[in-house]
Amino acid sequence: MHNHVIVVGGGAAGLVAAIAAAREGSHVTILEHNDRVGKKILVTGNGKCNMTNQNMGSEYYRSNNPGFVEQVLWKIPSETILRFFEELGIRTVDKNGYVYPASGQASSVLDVLRMELSYHNVVVETNVHVDEIRKIKDKIQVKVVCGEGKEKKYYEADSVILACGSLAGNHTGNDGSGYELARKMGHHIYKPLPALVQLRSKGDFLKQWAGVRVDGAVSIWIDGECIAKDRGEIQLTDYGISGIPVFQVSRFVSEALERKKQVLARLDFFPDMNRHGLYRYLEKRFEDCPYKSLDDMMVGLLNKKLSSVLVKEAQMDGKRNWSSFSKVEKNRFCEILDDFTLPIYGTNSFAQAQVCMGGVDTKEINGKTMESQKMSGVYFAGEMIDVDGICGGYNLHFAWATGLIAGKHAGGKNKI
Ligand SMILES: Cc1cc2nc3c(=O)[nH]c(=O)nc-3n(C[C@H](O)[C@H](O)[C@H](O)COP(=O)(O)OP(=O)(O)OC[C@H]3O[C@@H](n4cnc5c(N)ncnc54)[C@H](O)[C@@H]3O)c2cc1C
């Protein structure tokens, strides 16, 4: 008799877990409530799939238990993931450490995973929603509902891998039901909150700067303390701010807003200059063209839509000549350019978030095997675990890595 492993969720973590378990000689069934597996993989990295990162380290992740991430990365560094995919047929390209399939298509990553699943005769059942997991003697019973919830079916397994993802990007089928399954087994769940997400503010100027992309730095201030900063292309939108640097700091905002703290985002549109340097630079621009009004002087310096917002917010009359402003006014203008303060009132929803922070408490998961410490024979993999990474391939890496570990241990469990 083969060891039977059921994998709940056919996302990045579940598909890799199924392959790893099958390679151990187990009979594997994937239960997926979408009509097909791997939907989210297809939208990663704007359809190009940033699979992992060569600069791997626990400092790129957040968790209530950082030691857990270290254990996973020590076992499965990025080289292991690269080799795994290379052996499945994916040639990769490295862009400053960010790794992508050379095809430029996330679909090739999903395709090779599906081919390997099929080679190992892994059974893939779609349109089945796992509703309950119970231990019955030394077997695990999995209850599913299908056919618009009317039909119930029961499966029996020796091991179950829960790889249900999170609430993020919920247009790809994520409903958070995995948390409920884990909770019913006695697991503690850290409240899931959107991470890698856009930040929302208020103000008439938002409509005016919408659509502008600008190189800058963003820092997040909570109760007068800077808790995160990043630099890169900031996208100014009609609801607030977006772009990779904003995503990178967003999980701290989610956390602070959840604790009802006041959050400020401070934007520096001249991150390469200090305040004095910026002042000197504006003086020089005036000296070069003393005939220009402030509005004209700003042409060629920043996007016009952004300049006009900044001039207005500094309460400067753009028609006036730079030399007509007092030193105090000029300083105030410099402050708006390099320290534009934006109160943050919220984040976008789970649907727009790339990942969730929070999830299954890692103190209740064996970091060497991914086995639950609440119900033996049950394993966890992927984003439903309380670990979130920054942008750059870190979240997929964690999904693949935990999938490999969980699959290997669940699949090899009853080996003689
Ligand atoms: C737009 C977008 C772009 C991204 N880009 C990147 C990127 O380039 N690089 C990167 O590293 N990360 C990226 N991420 C994050 C990354 O995609 C996720 O962290 C990763 O896919 C998580 O994998 P997972 O298997 O844990 O979860 P998922 O991929 O979400 O898979 C979970 C699966 O379980 C199924 N499921 C859930 N509950 C049940 C149930 N009760 N019964 C049956 N099935 C169930 C779901 O339908 C889903 O198929 C991106 C995310 C988004 C939304």
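The following dialogue discusses how to read selected features of a predicted model.

Trainee: What conventions apply to this model?

Mentor: This is a predicted model, in which local features need pLDDT of at least 70 and side-chain atom pairs count only at pLDDT 80 or more, while totals for chains, interfaces and linings use all residues. Residues are numbered from 1 along each chain as its sequence is written.

Trainee: How many strands does the open sheet have, and what is their order?

Mentor: Strands of a sheet pair through backbone hydrogen bonds, either parallel or antiparallel. Two strands pair here if DSSP finds at least two bridges between them; strands (E, at least two residues) and helices (H or I, at least four) are DSSP runs, numbered from the N terminus. The open sheet has five strands in the order β7-β2-β1-β11-β21, with parallel pairing. β7 (123-125) and β21 (378-380) stand at the edges with a single partner strand each, so one side of each has no neighbour in the sheet. On average, neighbouring strands of this sheet are turned by 20 degrees against each other, direction ignored.

Trainee: Which strands pair with β1, and over how many bridges?

Mentor: β1 (residues 4-8) pairs with β11 (residues 159-162) in the parallel sense over four bridges, and with β2, also in the parallel sense, over five bridges. V5 has S159 as its bridge partner in β11 and stands opposite V28 in β2.

Trainee: Are the faces of β1 buried or exposed?

Mentor: A residue is buried if 20 or more other C-beta atoms lie within 10 Å of its own, exposed if 12 or fewer, and partly exposed in between, with C-beta atoms placed from the backbone. Both faces of β1 are covered: H4, I6 and V8 on one side, and V5 and V7 on the other, are all buried. Because five of the five residues of β1 are buried, the strand is largely enclosed by the rest of the structure.

Trainee: At what angle do α1 and α5 pack?

Mentor: Two packed helices are described by the angle between their axes and the distance between the axes. Axes are lines fitted to C-alpha atoms, for helices over the stretch in contact, and angles run from 0 to 180 degrees between N-to-C directions. For α1 and α5 (residues 106-119), the angle is about 35 degrees and the axes are 10 Å apart. The crossing is left-handed, meaning that the near helix is turned anticlockwise from the far one by less than a right angle, whereas clockwise would be right-handed. L15, A18 and I19 of α1 meet L113, E116 and L117 of α5, where contact requires C-beta atoms, placed from the backbone, within 7 Å.

Trainee: Which helices cross at roughly 115 degrees?

Mentor: Helix α9 (residues 275-288) and α12 do so, and their axes come within 10 Å. α9 passes α12 in a right-handed crossing. The contact is made by R275, L278, Y279 and L282 of α9 with K330, N331, C334, L337 and D338 of α12. By class, these residues are five nonpolar, one polar and three charged; Ala, Val, Leu, Ile, Met, Phe, Trp, Tyr, Cys and Pro count as nonpolar, Asp, Glu, Lys and Arg as charged, and the others, Gly among them, as polar.

Trainee: Which residues come nearest to the ligand?

Mentor: Of the 38 residues around the ligand, G9, G11, G165, G169 and G382 come nearest; a residue is near a molecule if its C-beta atom, placed from the backbone, lies within 6 Å of it. The shell contains 14 nonpolar, 20 polar and four charged residues. Helix α13 supplies the largest share, four residues.

Trainee: Where does G403 lie, and which residues does it touch?

Mentor: G403 lies in helix α13 and is buried, with 30 other C-beta atoms within 10 Å. Its contacts, not counting residues up to four places away in sequence, include A12, A17, A381 and G382. The C-alpha atoms of G403 and A17 are separated by 4.1 Å, although the residues are 386 apart along the chain.

Trainee: What is the phi of C49, and what is that of Q315?

Mentor: Most residues other than glycine have a negative phi. C49, however, has a positive phi near 60 degrees, and Q315 one of about 55 degrees. C49 is in the loop between α2 and β3 (52-53) and is buried, with 26 other C-beta atoms within 10 Å. Q315 is in the loop between α11 (304-313) and α12 (327-338) and counts as exposed, with 10 C-beta neighbours inside 10 Å.

Definitions and conventions: Two residues are in contact if their C-beta atoms, placed from the backbone, lie within 7 Å.
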